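User: I would like to learn how to read the packing features of a protein model. Could you take me through one, feature by feature?

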Amino acid sequence: MSIRTEQDYDSATPALQQQMNLARRACWRIKSSSSESLFKNIVSAKTDTDTVPPPPSKDKNKTRIEPQTAPAKRNTSSNWRDMFSKRMLLICALVLILGISQAQARPNTIAVGVAPGKVSQDILNPVTQLNLRQSTPVDAVDVSLDPTPSVRLPRAEPLKSGDQDAGESHKMERYPLSSVDFARVKTPFIIGIWILSASIAKIGFHMTPKLHLIFPESCLLIVVGVVIGVVLYFCTDVAVSPLTPNTFFFYMLPPIILDAGYFMPNRLFFDNLGTILLMAVVGTIFNIATIGGSLYACGKMGIYGESETPGLMDVFLFASLISAVDPVAVLAVFEEIHVNEILYIVVFGESLLNDAVTVVMYHMMESYNEIGLDKIIAQDIASGVGSFFVVALGGTAIGIIWGFLTGLVTRFTDHVRVIEPIFIFVMAYLAYLNAEIFHMSGILAITFCGITMKNYVESNISQKSHTTVKYALKMLSSSAETIIFMFLGVATVNNMHVWNTWFVVLTIAFCSVFRVIGVILLSALANRFRLHKLSRVDQFVMSYGGLRGAVAFALVLLVDENVVKQKNMFVTTTIAVIYFTVFLQGITIKPLVKILNVKRANKRKPTMNERIHERFMDHLMAGIEDIVGKTGNYNVRDKFKRFDNRFIRPLLIRDLKEINELHLLDHIPMQSYERALNKNKGASASNADEQSRRHRRNSSISSRTNPFRNMNDTI
């Protein structure tokens, strides 16, 4: 049997532990019995040799020993035996001492109380004891012949894992009929409740006879958000995160801008593109410079307080995000007051195109703030100026390319009409994300993608797909607008605000005053080149309609608090400016438009005669500009249309010949056109039936009055 160590014993399984106990018991029994018998034999041999003489030899044939030699031999043998017996006694004593010490060191492995009579049996059959069944108890030892009290050996218990203990302690439950787990769906459920409550509030808002005529819809949504925020802050423990920048820019803003770009009047937009670019680029830079400089000058005077006075780069960073006109707020207000098309397209186009200026100026001031004012070199300024053209032109190019790709894909969807709206939604969204990847203007990308798709994709998709796209975009943009204003109200209720009265009041005053000054100066410059001049009333509406909204709020949340120490003060001031523009200007702009008798929008579609004369005037003015040698708006449009009809439209549009034949009827909805045709056919058929019935009735009357008429007719 191999020798086992203490580590083997500790790491053994219960069955192996039991076998090892039995084997060790047998070994120690063998050692103890053999040592005891050997000791007894040695002692008896010694006493025999000392007291009893050896018996005489009984063999008579042996030679008799002479008396003189016998004593000498006896002394020699007795000395040898004495030496051997002493050595053996010493060895046995050492063996016993070692055995006793080992027995005391290992009390769990000694077989205590075993009868001497069983030693031989254990010695003769040790293998049988090693092969005992596992169910045999270790402490079942016969102790009847041993007066020493037996010591109970420890029983080896089977190992148990933590899972088994937990399973035994856990009470088994039966399958429930129903269960409630609100924590799993708490956050999306609360968001759904918010949207549902906002939608119900919108229904009740429009059902009231006078409320919707006074307040804009955006004001109602902000109020609902504030109420929900107060309830959640004081009555529940639900942690509501504010409108984060990623949520706003990646999910809320794209549907609103795509809806505006896809259904934008393209001709009106490009006719006023010069004025829009002047207001968007020059006007935004003018506002940033004047607002930032004025706020910094007031800070140097110590108006805000010594601890809350921001630095130069911090002030211009705040001015870059607060100076831009917000497209969401403009859409929410201007679509309700129904101003004329020129005012609407100028203000809304400015809110779209100033995104490039806002993004560039915001990132420029943020980088300059990190670099430090004293470390800025000429290369940094040149890179900032050049980045404006990269961001604006790059975002526009990305949107146009994705619009062309959408037209190319929808050319082959005539057999799968169901997926046509998917391409419009997904590819426009990919254009937005593609621009954001390269830090371009995503708003410009999705705007020009919608404009491009309007020209080419609409000719490839069916009428049902066009209706689906129209109402789906309206639904998505309305829902996103609802969520934006509602979350803006919810984010207002928190304990992180830092209110500085002078900073808030001066920011609102500077935004309003410099907006008016910028519009007046730039309108005077634009009227020198415009055919339809912008009147004083138009300029007032443009300056009064410069609303701020969620874009500024999302940008101010992106400010790094470690770099800008007054971030919380900027957030509070931004919310105050948004509330001032949306509530005060949004509520009062409608009665002011009525009082000033501003020209309202005409919702009717142009007639066939108007469209023909409009096309005729375009060709005539393009010919006059060509003869004079002047490259004007009409000449550029005519050249683009020639290039478009020759190269682009044959590549992107499937049935170009059929589209050209129906191009004169594109202002008439196909359903209305078919309904009118059916109505005319039904009217003509009913008139024919009426005439035939009238003819038969007249003939019958005449036959009754003149009985000889039939005879005459027969003859």
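This is a predicted model: local features need pLDDT of at least 70, side-chain atom pairs count only at pLDDT 80 or more; totals for chains, interfaces and linings use all residues.

User: What percentage of the 715 residues of the protein chain count as buried?

Analyst: Buried residues make up 37% of the 715. As for contacts with a separation of 6 or more, 80% of them in the protein chain are between residues 24 or more positions apart.

User: How should I read a nonpolar core, and which residues touch the most other members of the largest one?

Analyst: The general idea comes first: in soluble globular proteins, nonpolar side chains tend to be buried together. Here the largest nonpolar core has 133 residues, and Phe 248, Leu 295 and Phe 334 are the ones touching the most other members. Helix H15 (residues 341-371) supplies the largest share of this core, with 16 residues. Apart from that core lies another, of five residues, including Tyr 456, Ile 648, Leu 652 and Ile 653.

User: Leaving aside neighbours within four places in sequence, which residues is Leu 295 in contact with?

Analyst: With that exclusion, the contacts of Leu 295 are Tyr 304, Val 315, Phe 318, Phe 503, Leu 506, Thr 507 and Phe 510.

User: Are Phe 503 and Phe 570 buried or exposed? And which residues form one aromatic cluster with them?

Analyst: Both Phe 503 and Phe 570 are buried. Together with Tyr 304 and Phe 318, they form one aromatic cluster. Recall that Tyr 304, Phe 318 and Phe 503 are also among the contacts of Leu 295.

User: Now the helices. How do I describe two that pack together?

Analyst: Two packed helices are described by the angle between their axes and the distance between the axes. Take helix H17 (residues 420-437) and helix H18 (residues 442-460): they pack at an angle of about 155 degrees, with axes 9 Å apart. Angles over 145 degrees count as roughly antiparallel, so H17 and H18 are roughly antiparallel to each other. The crossing of H17 past H18 is right-handed. Residues making the contact include Ile 424, Ala 428 and Tyr 432 of H17 and Ile 446, Cys 449 and Met 453 of H18.

User: Where does His 439 lie, and what is its phi near?

Analyst: His 439 is in the loop between H17 and H18. Its phi is near 60 degrees, a positive value in a residue other than glycine. With a relative accessible area of 59%, His 439 is exposed. Asn 597 also has a phi near 60 degrees; this residue is found in the loop between H23 and helix H24 (608-628). Asn 597 counts as exposed, at 68% relative accessibility.

User: How do H16 and H18 cross?

Analyst: The axes of helix H16 (residues 378-410) and H18 come within 7 Å and cross at roughly 25 degrees. H16 and H18 are therefore roughly parallel to each other, and their crossing is right-handed. On the H16 side the contact includes Gly 395, Gly 399, Gly 403 and Gly 407, and on the H18 side Phe 448, Cys 449 and Tyr 456.

User: What about H12 and H15?

Analyst: Helix H12 (residues 273-300) and H15 cross at roughly 45 degrees, and their axes come within 8 Å. That makes H12 oblique to H15. The crossing of H12 and H15 is right-handed. Among the residues making this contact are Ile 276, Ala 280 and Thr 284 of H12 and Gly 349, Leu 353 and Val 357 of H15.

Note on methods:
Residues are numbered from 1 along each chain as its sequence is written. Side-chain values use heavy atoms; hydrogens and water are left out. A nonpolar core is a set of buried Ala, Val, Leu, Ile, Met, Phe, Trp, Tyr and Cys residues joined through side-chain atoms within 4.5 Å. Buried means under 20% relative accessible area, exposed over 50%, partly exposed in between (1.4 Å probe, protein chains only). Helices (H or I, at least four residues) and strands (E, at least two) are DSSP runs, numbered from the N terminus. Contact means heavy atoms within 4.5 Å. Rings of Phe, Tyr and Trp (its six-membered ring) pair if their centres lie within 6.5 Å; planes under 30 degrees apart count as stacked, over 60 as edge-to-face and the rest as tilted. Axes are lines fitted to C-alpha atoms, for helices over the stretch in contact, and angles run from 0 to 180 degrees between N-to-C directions. Angles under 35 degrees count as roughly parallel, over 145 as roughly antiparallel, 65 to 115 as roughly perpendicular and the rest as oblique. A crossing is left-handed if the near helix is turned anticlockwise from the far one by less than a right angle, and right-handed if clockwise.
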